[in-house]
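Please load the model in your viewer and keep the sequence panel open beside it. The tour below moves from one selection to the next and says what is to be found at each stop.

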Amino acid sequence: MILPPATLGMLGGGQLGRFFVLAAHEMGYRVIVLDPDRNSPAGRAADEHLCAAYDDADALERLAQGCAAVTTEFENVPADTLDHLAKFIPTRPNAECVAVAQNRIAEKTFLSDRGFAVGPFAAVTSAVQIESVDPALFPAVLKVARFGYDGKGQARVANVAEAKAAFEGFRGEACVLEKMLTLDMEVSCVLARDSAGRVEPFPIAENSHRNGILDVSIAPARISGAQAAEATEMAIGIAAELGYVGVLGVEFFISEGRLLVNEMAPRPHNSGHYTIDACVTGQFEQQVRILCGLPLGDARQHSRAVMVNLLGDLWYERDPHHAHEPEWSRLLRVPGLKLHLYRKHHARHGRKMGHFTVLGESGEPVIDLAMNARSALGIED
Ligand code: ADP
Ligand code: MG
């Protein structure tokens, strides 16, 4: 076991890394963050910020020498970086798991080969290949295999011609072509799995998106107990097949009543932010615990929760050219509301700047409170 006040390493300086730093600090650990952005939210909160590229030899040397173990907050850390660090210190999750989750072709192939239900898709690596895909895939979504997030690197395409044009638009990068599904609902399961294979799943969250970006998560999801159990079992099965050690987020579609895996994230997940305030142990504390070889915390949810993301767009409601701070007093006067701001340097459209979570005893009033707080701040439907 790695005990406080040991120093932990974090690859990536975004808000997920920042929450890790805060959780680690509460438990008495020190954290070194590696991120090339001088103003990264996690770097600013850390004990030490290595402002360098993910493959910078000096920075990796400092992590290997100065940290007892290292983890990551985003899936695009080069696999070589993780492999290199793993020679010196425990590195969780491992490079193989991250590699599967960071490439949509590898991810979808992994899932379907192992019998997890996914929607119909085809891997696309050339424009001519698009001509011979199953016509039943259309209308479809073309997604770049790597580096897409928050709906970026995706195009809705009605037919072969549109798919070819979109593929060229992505400069011929490898893609997956997915059938456009009718969605009854989107849900996710975040879980923590330790090196002995013990798992603590969090309750399933129900997610709604705007412009491809997570907007609201309701936990627990308004689905049947049987369907929640099925999603949880699938997420646990995926983690086991991967030999995953760490916190994993699995996104699902419910389409015509059926659960299909959409994608997975080898890290804490935005839809798991409700766990910070509504569960005995939040997803970031679990990440610290697994990294340090501590027993997993109790994932039980003690309050109903609704989480609302706060995007940079809010800063430009008053004036489209100049950022203005939203009227936080409208949120802060709600007693059951927990506001989290990530202290990002600059507000941008579509950028995740913060979130809030409303807690309560029963489901519907919590949803109403959260939706009222959301519109009081000026977020429109
Ligand atoms: P990312 O979260 O990495 O941007 P996703 O694949 O999760 O990418 O897509 C973002 C959102 O777009 C999904 O949560 C869903 O709302 C919508 N979407 C993606 N793929 C499909 C699909 N095949 N059918 C219907 N909706 C989709
Ligand atoms: Mg997604």
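**A guided tour by selection**

Begin with proline 220, whose place is in the loop between strand 13 (213-219) and helix 9 (225-242); helices (H or I, at least four residues) and strands (E, at least two) are DSSP runs, numbered from the N terminus. The peptide bond that joins alanine 219 to proline 220 is cis, with omega about 0°. A cis peptide bond also joins proline 4 and proline 5, where omega is about 5°, and proline 5 lies in the segment before strand 1.

Before going further, note that this is a predicted model, in which local features need pLDDT of at least 70 and side-chain atom pairs count only at pLDDT 80 or more, whereas totals for chains, interfaces and linings use all residues. Residues are numbered from 1 along each chain as its sequence is written, chains are lettered from A and ligands numbered from 1 in the order in which they are written, and side-chain values use heavy atoms, with hydrogens and water left out.

**The domains**

Next, colour the protein by its division into domain 1 (7-91), domain 2 (120-179) and domain 3 (185-376), with bounds that come from an automatic or database domain assignment. The centres of domain 2 and domain 3, taken over C-alpha atoms, are separated by 28 Å. Across this boundary, 4 residues of domain 2 are in contact with 6 residues of domain 3, contact meaning heavy atoms within 4.5 Å. The two domains bury about 330 Å² between them, 34% of it on carbon and sulfur atoms; buried area is the accessible area (1.4 Å probe) that two parts lose on being put together, summed over both.

Now select the open sheet of 5 strands, which has the order 3-2-1-4-5 and parallel pairing; two strands pair if DSSP finds at least two bridges between them. Its edge strands, each pairing on one side only, are strand 3 (48-50) and strand 5 (91-92). Helix 3 (residues 57-66) packs on this sheet, where it touches strand 1, strand 2 (30-34) and strand 3, and its direction makes about 160° with that of strand 2; axes are lines fitted to C-alpha atoms, for helices over the stretch in contact, and angles run from 0 to 180 degrees between N-to-C directions. Strand 1 (residues 7-11) and strand 4 run parallel and are joined by 4 bridges, and the bridge partner of leucine 8 in strand 4 is alanine 69.

Stay with strand 4 (residues 69-72) and pick threonine 72. Threonine 72 has a relative accessible area of 1% and is therefore buried (buried means under 20% relative accessible area, exposed over 50%, partly exposed in between, with a 1.4 Å probe and protein chains only). Leaving aside neighbours within four places in sequence, its contacts include Met10, Leu11, Arg267 and Gln287.

Strand 6 pairs with strand 9 (residues 175-179) in the antiparallel sense over 4 bridges, and valine 124 stands opposite cysteine 175 in strand 9.

In the loop between helix 8 and strand 9, select arginine 171, which has a positive phi of about 60° although it is not a glycine. At 77% relative accessibility, arginine 171 counts as exposed.

**Aromatic rings**

To finish, show the aromatic side chains: rings of Phe, Tyr and Trp (its six-membered ring) pair if their centres lie within 6.5 Å, and planes under 30 degrees apart count as stacked, over 60 as edge-to-face and the rest as tilted. By this rule there are 4 aromatic pairs. The rings of tryptophan 315 and tryptophan 328 have centres 5.5 Å apart and planes at 65°, so this pair is edge-to-face. Tryptophan 315 is buried at 6% relative accessibility, and tryptophan 328 is buried at 12%. Select Phe19, Phe284 and Tyr342 last, a cluster linked by ring pairs.
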